[in-house]
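Let's walk through a protein model together, one kind of contact at a time. Keep the 3D view open as you read.

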Amino acid sequence: MSIARRSAARRRPARDTAPRVDVVQSDTPARTLGGWTRLLESAAQEILAVTYWFDPAPHLGPYPVTVRFSGRRVDVKGRLSPGDRFDHEETIEEVVSGSGPISLTARVRGINAGSWVVTARMLGPAHPACGPREQLNVTPTAGPLRPAARFWRRWAPSAGSAEPVRTCLTPLARVPGILPGIWGAMVTLGMAIALALQSMVIAGDHLAVGPWWAVSLVAIVVGIVGAKVWFIVLHRREHRLEGWCIQGFVTGAILTAAILLVVLDVPVGAFLDATAPGLLVAMAVGRVGCFFAGCCGGPPTASSFGVWSSDQRVGARRIPTQLLESVLAGILGLLVLVAVLGHGPAGGAFFVGGLAAYTLGRQGILRLRAEARQTRLGGLVTATLAALVLIAAVVVLVR
């Protein structure tokens, strides 16, 4: 399998009279204490999102590509102002040969709202010994596209298209591989499925649903807050605010549920076992949302195992780590559901065993993600503890 590291953005000033503009990437960190304000202002500001498509050249290894986007507003009355034109360059540090059609999306702000004509051309890679960069003699364009890539090319505005490209609000920008709002929708769907499965298990044991749902709903709310806090703490050095972490959700929800179970005098073990199938299936559904939101993905690859998707800026054939994790959680959820319905609650052993198996499998999938792990030791320790907990849970169940 040919794998390259996740492509990184690199800004370069254009060498002409058009004004420089900022390119807003959806994962741009807020680097000040006023990060929340900056994110809200960014979401309310109209931007121009435009995409350039090309096929990788037949190089022996990964190579860099730089694309210059140039735009001019067409619905202008009178003379053009500085905000009615732009030039900006976007760089993919490593393009994987043989990976199929690639899309590169620039999000441009600091310009006037309206309709724009945008062109793009590929530039030669920068090299200190070669002097100034020169435009390549041949600008590669995307060849025959698979059905998924054809759909995304129609979905998102392309540079050089006959139709002008209109500015839009940041959350509504159309990017190949990305569906706006899909993550929230899939997470909400997953929570609804989790509650439905929990009710199925509770009804099978002829128990009252009311107190159990109260615990579940409060735990979900606290878990959402925990997912945000966990992400902020994990990325505190970059001051990032825009992401979520499933570990924070699970930790916050479990701790909250543990407290409420004691207060409301609900059987802890039975509650955990009744919740386990829905929790795992909900995570499976949520990971599909991650796939179409462009987060938690793998690096570009030329392998046929790859699936065309985006990291919110570069669309390419990638290792589908989100879908792998979705399959893992879904299979475990169904297995636990069948076991709980057939065996009945086992004092929380199904919950502990299911989450331990999920955590153990997830550690292997995390190694395939594009972003680097924080520490190698942390993953090894987590996998070891998960394996020990899984063994203990199996021992309890077979006794």
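## Salt bridges

A salt bridge is a side-chain nitrogen of Lys or Arg within 4 Å of a carboxyl oxygen of Asp or Glu. One of them joins Arg73 to Asp75, with the closest N and O atoms 3.1 Å apart. Before going further, note that this is a predicted model, where local features need pLDDT of at least 70, side-chain atom pairs count only at pLDDT 80 or more, and totals for chains, interfaces and linings use all residues. Residues are numbered from 1 along each chain as its sequence is written, and side-chain values use heavy atoms, leaving out hydrogens and water.

The structure holds 9 salt bridges. Another of them pairs Arg287 with Glu325, the closest N and O atoms being 3.2 Å apart. Arg287 lies in helix H6 and Glu325 in helix H7, so this pair ties together parts that are 38 residues apart in sequence. Helices (H or I, at least four residues) and strands (E, at least two) are DSSP runs, numbered from the N terminus. Glu325 also meets Arg369 in a salt bridge (3.7 Å, N to O). Arg369 sits in the loop between H8 and helix H9 (376-398), 44 residues from Glu325. A network of salt bridges links Arg287, Glu325, Arg362, Arg369 and Glu371.

How accessible is Glu325? At 1% relative accessibility, Glu325 counts as buried; buried means under 20% relative accessible area, exposed over 50%, and partly exposed in between (1.4 Å probe, protein chains only). Arg287 is buried at 8%, and Arg369 is buried at 14%.

## Aromatic rings

Rings of Phe, Tyr and Trp (its six-membered ring) pair if their centres lie within 6.5 Å; planes under 30 degrees apart count as stacked, over 60 as edge-to-face and the rest as tilted. By this rule there are 8 aromatic pairs. The rings of Trp212 and Phe271 have centres 5.7 Å apart and planes at 40 degrees, so this pair is tilted. Trp212 belongs to helix H4 (residues 209-234) and Phe271 to helix H6 (residues 268-293), so the pair ties together parts 59 residues apart in sequence. Both Trp212 and Phe271 are buried.

Phe291 and Phe292 have ring centres 5.0 Å apart and planes at 85 degrees, so they form an edge-to-face pair. Phe291 is buried, with a relative accessible area of 6%, whereas Phe292 is partly exposed at 25%.

## The nonpolar cores

A nonpolar core is a set of buried Ala, Val, Leu, Ile, Met, Phe, Trp, Tyr and Cys residues joined through side-chain atoms within 4.5 Å. Which residues touch the most other members of the largest core? Of its 37 residues, they are Trp212, Phe249, Phe271, Leu280, Met283 and Leu355. The largest share of this core, 10 residues, comes from H6. A second, separate core of 23 residues includes Val50, Phe86, Met122 and Ala159.

Two strands pair if DSSP finds at least two bridges between them. Here 4 strands form an open sheet in the order E4-E3-E6-E7, with antiparallel pairing. Strand E4 (85-95) and strand E7 (165-166) stand at the edges with a single partner strand each, so one side of each is left without a neighbour in the sheet. Strand E3 (residues 63-73) pairs with E4 over 9 bridges, and Thr66 stands opposite Thr91 in E4.
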